[in-house]
Amino acid sequence: MSDTQNGQNPGTSRRAFLRGAAATGVGLAASKAAAQDGPDPLITEKQDWAMSTGAGVDETPYGLPIKYEGDVIRRNVPWLTADPISSINFTPIHALDGTITPQGCAFERHHSGAIELKKEDYRLMINGLVDTPLVFSYEDLERFPRVNKTFFLECAANTGMEWAGAQLNGAQFTHGMIHNMEYTGVTLRTLLEEAGLGAAGDLSDKWVYVEGADASSNGRSIPMEKALDDCMIAFKANGEALRMEHGYPVRLVVPGWEGNMWVKWLRRIEVTAQAIQSREETSKYTDTLADGTSRKWTWVMDAKSVVTSPSPQSPIKHGKGPLVITGLAWSGRGAITGVDVSMDGGKTWQKARLANEGQSMALTRFYLDTTWDGEEMLLQSRAHDDTGYVQPTKAQLRDVRGENSVYHNNCIQTWHVKTNGEAENVEVSS
């Protein structure tokens, strides 16, 4: 039961705990440290790191995480795919805070492996129903007016294994096909207008077909309305060049829409009179319903959230007392306006605190500062966006879509937190 349900103010009880802890010299230390009778040698004795010089400024010309954070890495699930060349790994969202994903931790999805393509060898062609077909070099792209925008990228298969029940035990594996980065580049509108759209005539029924340079030739059709709205041709992420695995030197950014449309190593943009009906938009990335039919053009990633800590890979280690529950929320239709957190499997909800005002089509961090009494919890989060949409339960999704789907699972996730602080992925009926 939460502090508010006990009639206490979480902030007040937390301050009281901290005052009491300070009086005993314990603070928020682990139970082992709290049980010490004598002085803490880490305070009273001089340590090795204070008695010798450390690493010089050129020790790591490109900075790396300290070895003590070596567990914060992308991970794959080998049995998910037949081969790592056409596979996916997962962002360690359980170990991160804030909202910006370091490129080195951001998940990968490849259809034929990540390719090495030099800037000097890069070319981007625009053809089809344009006034003047054009080919741009990397240097050409750098000469256009630039924009900086922060967006999340989520694979349509994120949480896909959970349709039939609780499967993967960890937020990294259930929800880690997502990252959130600040992109630098030029708008797709800028390049399309450079080529001229007069030849396309009425743009209301036109499309663009985008294609990558890798061996899979991954290609997707995008309605012209979206192409002219907020799509970007990006060549930087988080202030530096894209990583190879994220499409270096240039990728497409399609805010709020499924990650497969964010074509990497972008080589061609064709203005067309109709959708191309490629493999990735017919046999793949469609939603199979209970009667065997499939929904098409389900591009938008609906509002979703997940508690990242406590969670199976981030258990409670400090025992009873003040607890920070935190997680991420996002919506492909707009901005997150609120997140609710339940500790009893959805019976009651409390309003979480947003770290910052929600940004459209970007990750939002939420916190619930509470006190844990050591009892079991069924921990959930529920997102709201500025369209009025509320994240559904798995049962609500199944009522509409059945259990045959893989893509676009934005259901409420449940973690069973045990009395020892460990957590596991479970499903609760509702």
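Predicted model: local features only at pLDDT ≥ 70, side-chain atom pairs only at ≥ 80, totals over all residues.
## Domain arrangement

Residues are numbered from 1 along each chain as its sequence is written, and side-chain values use heavy atoms, with hydrogens and water left out.

A UniProt record (unreviewed entry) places the feature "domain: Oxidoreductase molybdopterin-binding" at residues 116-277; its positions are given in the numbering used here, feature names are shortened, and annotations may be inferred rather than shown by experiment. Over residues 116-277 the chain is 15% helix and 35% strand, with the end C-alpha atoms 28 Å apart. Helices (H or I, at least four residues) and strands (E, at least two) are DSSP runs, numbered from the N terminus.

## The interface between the domains

About 2,600 Å² is buried between domain 1 and domain 2, and carbon and sulfur atoms give 54% of this area. Buried area here is the accessible area (1.4 Å probe) that two parts lose on being put together, summed over both. Phe-152, Trp-163 and Asn-169 supply 30% of the area that domain 1 buries against domain 2, more than any other three residues. The contact (heavy atoms within 4.5 Å) takes 31 residues from domain 1 and 28 residues from domain 2.

Between the two domains, 17 residue pairs are in polar contact, both residues being at pLDDT 80 or more. A polar contact is a pair of N or O atoms within 3.5 Å; within protein, one must be able to donate a hydrogen and the other to accept it, and residues adjacent in sequence count only if both atoms are side-chain atoms. Two salt bridges are found across the interface of domain 1 and domain 2, a salt bridge being a side-chain nitrogen of Lys or Arg within 4 Å of a carboxyl oxygen of Asp or Glu. The side chains of Glu-154 and Lys-304 form a salt bridge (2.8 Å, N to O).

Lys-206 lies in the loop between helix H6 (188-195) and strand S7 (207-212). Lys-206 is buried because its relative accessible area is 11%, where buried means under 20%, exposed over 50% and partly exposed in between (1.4 Å probe, protein chains only). Its side chain makes a polar contact of 2.9 Å with the side chain of Asp-205. Beyond four places in sequence, the residues that Lys-206 touches include Leu-129, Pro-223 and Thr-272.

His-384 belongs to strand S21 (residues 377-385) and is partly exposed, at 22% relative accessibility. The side chains of His-384 and Asp-340 are in polar contact at 2.6 Å.

## Backbone features

Most residues other than glycine have a negative phi, and most peptide bonds are trans. A cis peptide bond joins Tyr-248 and Pro-249, with omega about 10°, and another joins Ser-309 and Pro-310, with omega about 0°.

Thr-159, with a positive phi near 70°, is buried at a relative accessible area of 3%. Gln-277 has a positive phi near 60° and is partly exposed, with a relative accessible area of 40%.
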